[in-house]
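User: I would like to learn how to read features in a model like this one. Can you take me through them step by step?

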Amino acid sequence: MMTNFVSPEPCGGLIFLFAGGDEWKEVAERLGFNQAYIRCFDIRYHNPLEVALNCCHVSVGELYDILVECGLPVLADLL
């Protein structure tokens, strides 16, 4: 098991903190998803960020950098 990739357990709290907001959409865009995928995730899934994270391979360090770039350094520190 590669420990440098985000797994559902460590980011579970992070996903919960995104619930109800649209901040996840910018994060998903930075992860490489286009607007069509983001709309699909938003409409079809209760936790769209969780789905987005499960559909890509991103290291914890990369996710940290993305969160900081999106203006979410406090959430990044929770990783």
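**Reading the salt bridges and the fold**

Analyst: Start with charge pairs. The whole structure holds four salt bridges. Keep in mind that this is a predicted model.

User: What makes a pair count as a salt bridge?

Analyst: A side-chain nitrogen of Lys or Arg must lie within 4 Å of a carboxyl oxygen of Asp or Glu. D22 is exposed, with 52% relative accessibility. K25 is partly exposed, at 27%.

User: Which residues are linked with K25 in a network of salt bridges?

Analyst: D22 and D42 are linked with K25 in that network.

User: How should I read a bridge within one helix? Take R30 and E26.

Analyst: Check the spacing along the sequence. R30 and E26 are four residues apart in helix α2, which spans residues 23–30, so about one helical turn separates them. Their closest N and O atoms are 3.5 Å apart. E26 is partly exposed at 36% relative accessibility. R30 is also partly exposed, at 40%.

User: Which residue forms a salt bridge with R30 at 2.9 Å?

Analyst: E69 does; 2.9 Å is the distance between the closest N and O atoms. Now look at where the partners sit. E69 belongs to helix α5 and R30 to helix α2, so this pair ties together parts 39 residues apart in sequence.

User: How many helices and strands does the protein chain have?

Analyst: Six helices and zero strands. Along the sequence the pattern reads α-α-α-α-α-α.

User: What share of the protein chain is buried?

Analyst: Buried residues make up 35% of the 79 residues. The cut-off for buried is under 20% relative accessible area.

User: Which residues form a nonpolar patch on the surface?

Analyst: V60, Y64, V68 and L79. Together they have about 270 Å² of accessible area. Take V68 as the example. V68 sits in helix α5, residues 60–69.

Technical notes. Residues numbered from 1 in each chain as written. Predicted model: local features only at pLDDT ≥ 70, side-chain atom pairs only at ≥ 80, totals over all residues. Heavy atoms only, no water. Patch = residues over 30% accessible without salt bridge, like charges linked within 9 Å, V, L, I, M, F, W, Y side chains within 5 Å. Areas by Shrake-Rupley, 256 points an atom, 1.4 Å probe, with all protein chains shown as cover. Helix = DSSP H or I, 4+ residues; strand = E, 2+ residues; numbered from the N terminus. Buried < 20%, exposed > 50% of the residue type's maximum accessible area, 1.4 Å probe, protein only.
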